[in-house]
Amino acid sequence: MNKATVNSRGEEKSMSRIVKWGIPAVLCMAAVTFYGCGGGRGGSEGASAAFRLNFFVQPAGAAVDNVMAPAVQVEILDNEGNRVTSAGGTVTLTLIGSGGGTLGGTTSAAAVSGVATFGDLTIDAAGTDYRLVAKSGTLYLAVSDYFIVGNKLAFTVQPQDTMAGDTMPTVEVTIQDGTGATVTGATDNITLELVDSNETLYGTPTVAAVAGVAQFTDLYMEAAGTYTIRATAAGLVPATSAAFEIFCEDTPVAVEFIIQPSTCMPGVAITPAIQVALVDNYGNTVTTATDPVTLDFDDNPTSATLGGTLTVDAVAGIATFDDITVDKNGNAYSLIATSGSLSDDTSDYFDVGYTTLFREDMDTSLLAKGWTFSPGAQGPGWEWGQPTGASAEYGEDDPDSGYTGDNVLGYNLYGGYYNSMRAAEYATSPAFSCAGQYEVILSFWRWLSTESSYDHARVEVFDGTEWHEVYDGYDDGPDDGDWYLMEYDISEYVAGKTNVRLRWSMGRSDSSVTYCGWNVDDIKVVARTQGLLDYMEFEVEPTTVGTGLIISPAVKVALKDTFGDTLLSANNTVTLSIGNNPSAGTLSGTVTAAAVNGVATFSNLSIDEVGAGYTLYADCGTLTQIESTSFNVTNKLVITVQPADAAAGDNLTVEVTVQDETGATVTGATPMITLALEDNPGETTLSGTTSVAAVAGVATFDAAHVSVAADGYTLVATATGYGPSVKSAAFDISPAAYSGLEFGVEPSDVAPFEAITPAVRVDAVDAYGNIVPTATGTITMCIESDPAGYATLLGTLTAALVNGSATFSNLSIDAFGEGFSLEATDGTYTVASGNFDVRAVLFEDMLSTDPATRGWTFSHPDNAEGWAWGQPTGEESSSGYGDPDSGYTGDNCLGYNIITCDYIDDMLETEYVTTPAFSCAGFTSVTLSFYGWAGFESSCDYGPLQVWDGTIWHTIYDGYDDGPDDDDWYEYEFDISSEVAGKAGVKIRWGVGPTDGSVTYQGWNIDDVVVTGIIE
């Protein structure tokens, strides 16, 4: 949206680039990179302290040695962009530019009421890139816009008043020298444009001069109003025409909404008053028209009534409707305006029933109203004030004013955000309440530009307990270059909550390009309160039930408002009755209930007669009666023989009977009845015959069983069309007879002569794998597979069964090897274990304490954080993946940037963490294992793992090709025999880098490092 450049005093603005005193003139355009350095700004930080200079009236250019007009003016501003009228002191101007001219006239002037005026400035040489620099003591200096000194343009035939759509009389612009004489040899292209207007100048606005004169013969405009035209040409001083008028036609052809209907409350007049204009073919208001205009609904979602004076005569071409009301809450109403045979117009959509809970128009200082800004420790930071239109490194420029008014909430009003922001910086609103609200909508105008998929720009809401993200510019990286309205439904986070806050964040950012970031204006939070009581709805419908049994779940009827929401404030009485009654049944229980929080609950309803297709009616005062969905009343199921305790695999005996409401067996009933496990402590299934057809109303189950021993099973019986399911009494399943052995705890990898831990355990089990606690006898252990060929199993090799298990607590093996297994026997049954290795532990560090005390070394030459030991924070990386929040075992681990997560962009060197030296002498097979949580940009960034053989480093993994993005702990295992077997002075190191300049990930997190070896 283009904005007229006028300030709050109605005067023409021009925003100067601001630079700090002492920066060479050639660096003025780079001033935006200087902000945020933290010191040296002139004046105090108070709201009225002198802070910087600004060209209030820019130099307009002039002929050589001619006085510049209008007079140049420089104002003194505070840190929020307000003029400091009490400021005095002397302001001095100097000239910069390639023309080599000298600035003449009075170049130093005292400020009066905060403004220094320079009325006689001249320059003695032509130039096209001159600028003025204003300085005053320690205030931030200002640099003017570019201006030209040399030949000038002059309107020798001014634009004339014209009717909209008609061609203007010829406009003539002449190229003149400093004396006013025509430069007859000039043939420059001269361009005309409207001054301070969004309207369009049609025709041919660029014409080449002939003998120093350019004639514009086909110009016309469609928008009525008073205008001026600026003439420009490269290297020439521009000229501005006299004012001229474009008149509208005398007869309207259409109506047009010029003030749209806005959100309002039911029965309350819409404000501001709706206005409809009578317009000509070009949309100009015909100020002589007095035709009557009529309003009516176009879209009416709730069949509401439109109140007020609906037909109004136009005054000066505008019909004003100041008492229009809508009597019902609703979303997306619209109006239509008509006037006789004129073309009609439809309004924008508007809502009825919304209340403004929070509003910030940015007109006055935010800090004074309770906003907080996190410190700009990584860049210029959040500011309130008028943006400067400054350029960022990439993308669109900042605006030069707010969407409405001068001021905005922005991150660095003098340019872009900062590269390599390691954490977000926030601007946070004061708290407000959403108590009692249903629908809460946040809206604001934004001018935003970020690097897509690299830099974050978030909007978040606080619900009184935690923050919720509603938008992140990371994914789309908007490059707006204009003001856009953003709307977010934040109801799920804050509806009904107090202590609600909003915040906008800038960062994290990577270390490549930067854009202008956030500019925010006109923030508003509106909420919809409850509508009027409108209708009822069965929230929980009645379901099929046995005769005389309570309908479950309980039937519920909700009272709804005009928005379709449950009306929480409603406590009306609701009465239920039978609607369709196929068997003359009687509805029993509490049939009348008062609504609580808008819902009437009926928890003990029953019907005494079997029938298909029953319905219920609900009545509530004057509301329209509603009918439930149909349901059936059936005979009920009863478990007449409960399941008894049994052994695993033994068949249960269960009997399920179909009964009527008196408890008598329905002998004619033959439904298929199904049993299943309900409470299932063994996490198994009911096996065997689980569905049986009833005979004379009784289904007998005698071929279903449970195989997993556990206490507290229950069954559930169901039959289609026979009411709710029925649950049995609890029963236990015990193990069956002892019939074999299993390793309950398998042998694990171990070092030679060390006891295998955890202790090996062998269980006596039944045919289903249940431990048989009554089993007795002894179990003998021996080696089943011996890869060494000479190994001996040491320790206590015979153990008695106790509660069905034999434990071997001191087994060990006296040889190295991969693929050992054990065999257990009781003389009748035999079982073999899984494979395990016997390896020596050559190095081990669980990293539970600081490894630096044990000889680990850390390198981080270019990064103040780098490798560290401690508890990681779980922080998210800029790639969207995060660090863990603890080690694999215990709180701590080794990690790269364990606080802020990301590794560094553009790392030219690798940064390592290295183990102390250890020996692999005498070992022919060596294995490294550790737990890692890692993330690297695939095919871009490196995360090498290397081993030192005492002479050189060997890379066994680089992270470059696959770019792991674990987001979890994984066990890594590498055979490093070919690199270090038989070597002394072995070390291992993990690295991060080199990295490119795009996205970054979390890098390495490592824990539980173990190196083992085998002598073959």
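Biologist: How many aromatic pairs does the count come to by the rule used here?

Modeller: The count comes to 43 aromatic pairs, where rings of Phe, Tyr and Trp (its six-membered ring) pair if their centres lie within 6.5 Å. This is a predicted model, in which local features need pLDDT of at least 70 and side-chain atom pairs count only at pLDDT 80 or more, while totals for chains, interfaces and linings use all residues. Residues are numbered from 1 along each chain as its sequence is written, and side-chain values use heavy atoms, with hydrogens and water left out.

Biologist: Why is the pair of Tyr202 and Tyr220 called stacked?

Modeller: Planes under 30 degrees apart count as stacked, over 60 as edge-to-face and the rest as tilted; the rings of Tyr202 and Tyr220 have their planes at 15° and their centres 5.1 Å apart, so the pair is stacked. Tyr202 lies in the loop between β15 (189-194) and β16 (206-208), and Tyr220 in the loop between β17 (213-216) and β18 (225-227), 18 residues apart.

Biologist: What makes Tyr202 count as partly exposed?

Modeller: Buried means under 20% relative accessible area, exposed over 50%, and partly exposed in between (1.4 Å probe, protein chains only). Tyr202 has 29% relative accessibility and therefore counts as partly exposed, and Tyr220, at 26%, also counts as partly exposed.

Biologist: What makes the pair of Trp933 and Trp969 edge-to-face?

Modeller: The planes of Trp933 and Trp969 stand at 75° to each other, with 6.0 Å centre to centre, and the pair is edge-to-face. Trp933 has a relative accessible area of 11% and is therefore buried; Trp969, with 13%, is likewise buried.

Biologist: How do you know that β45 and β49 pair, and in which sense?

Modeller: Two strands pair if DSSP finds at least two bridges between them, strands being DSSP runs (E, at least two residues) numbered from the N terminus. Strand β45 (residues 555-561) and β49 are joined over four bridges in the antiparallel sense, and Val557 has Ala600 in β49 as its bridge partner.

Biologist: What makes β43 and β49 edge strands?

Modeller: In the open sheet, whose three strands follow the order β43-β45-β49, β43 (533-540) and β49 (599-602) each pair on one side only, and these are the edge strands.

Biologist: How many bridges join β33 and β36?

Modeller: Strand β33 (residues 372-373) and strand β36 (residues 425-428) pair over two bridges in the antiparallel sense, with Phe373 standing opposite Ala427 in β36.
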